[in-house]
Amino acid sequence: VGLNMKEGLCAYSFKHSSLIKDIKSLCESDSGIYLAGDYFEGVSIEGCFRSGYKTAKIVSTVLKAK
């Protein structure tokens, strides 16, 4: 039986998707923590750029609202 992981690399643990859910939950809370990385959008350079862009957009929106 093969395992199919929606997000992550083969080097990530089996529970990687659970970790990502926890990280996303923390980032979406009012914690003031904002993260970007290949573990969100995939390991390609384009995925890294997408992740960084999305996070920068969120931070910009939050700062404008203050």
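Start by selecting Y39, which sits in helix α2. The model on screen is a predicted one. Y39 counts as partly exposed because its relative accessibility is 22%, and buried would require under 20%. From the C-alpha of Y39, draw a distance to the C-alpha of S51. The two residues are 12 apart in sequence and 8.8 Å apart in space.

**Whole chain**

Zoom out and color by secondary structure. The chain has three helices and zero strands. Read from the N terminus, the order of elements is α-α-α. Now color by accessibility. Of the 66 residues in the chain, 15% are buried.

**Helix α1**

Select residues 16-28, which form α1. This helix has 13 residues. From first C-alpha to last, α1 reaches 18 Å, close to the 18 Å expected at 1.5 Å a residue. Show the side chains of H16, I20, I23 and C27, the buried residues of α1. Look down the axis. These residues line one face of the helix, because they fall within an arc of 65°. What do the buried residues of α1 pack against? Their partner is α2.

**Helix α3**

Next, select residues 45-65, the span of α3. The helix has 21 residues and reaches 30 Å between its first and last C-alpha. That is close to the 30 Å expected at 1.5 Å a residue. Highlight G47, S51 and T55, which are buried in α3. They are on the same side of α3, because they cover an arc of only 60° around the axis. The buried residues of this helix pack against α2, and so do those of α1.

Which exposed residues does the face turned away from its buried side carry? Select I45, F49, Y53, K57, T61, L63 and K64 to see them.

- S51: buried or exposed? S51 is buried, with a relative accessible area of 3%. Leaving aside neighbours within four places in sequence, S51 is in contact with A36, G37, F40 and E41.
- T55: at 15% relative accessibility, T55 counts as buried. Not counting residues up to four places away in sequence, T55 touches Y34, L35 and A36.
- The separation is 9.0 Å.

**The largest pocket**

Finish with a pocket surface. How much space lies in the largest pocket? The volume is about 270 Å³. Select its lining: K24, C27, E28, Y34, L35, F40, E41, S51, K54, T55 and I58.

Color the lining by helix. α1, α2 (38-41) and α3 each supply at least two of its residues. The largest share, four residues, comes from α3. Now color by residue class. The lining divides into five nonpolar, two polar and four charged residues.

Several earlier stops return here. S51 and T55, both buried in α3, are part of the lining. C27 is one of the buried residues of α1 and also lines the pocket.

Terms used. Residues numbered from 1 in each chain as written. Predicted model: local features only at pLDDT ≥ 70, side-chain atom pairs only at ≥ 80, totals over all residues. Heavy atoms only, no water. Buried < 20%, exposed > 50% of the residue type's maximum accessible area, 1.4 Å probe, protein only. Contact = heavy atoms within 4.5 Å. 1 Å grid on protein atoms, 1.4 Å probe; cavity = no way out; pocket = protein on both sides within 12 Å on 5 of 7 lines; lining within 4 Å. Points joined across faces, edges and corners; volume = space filled by probe spheres on them. Nonpolar A, V, L, I, M, F, W, Y, C, P; charged D, E, K, R; others polar. Expected span 1.5 Å × (residues − 1). Arc of directions from axis to C-beta.
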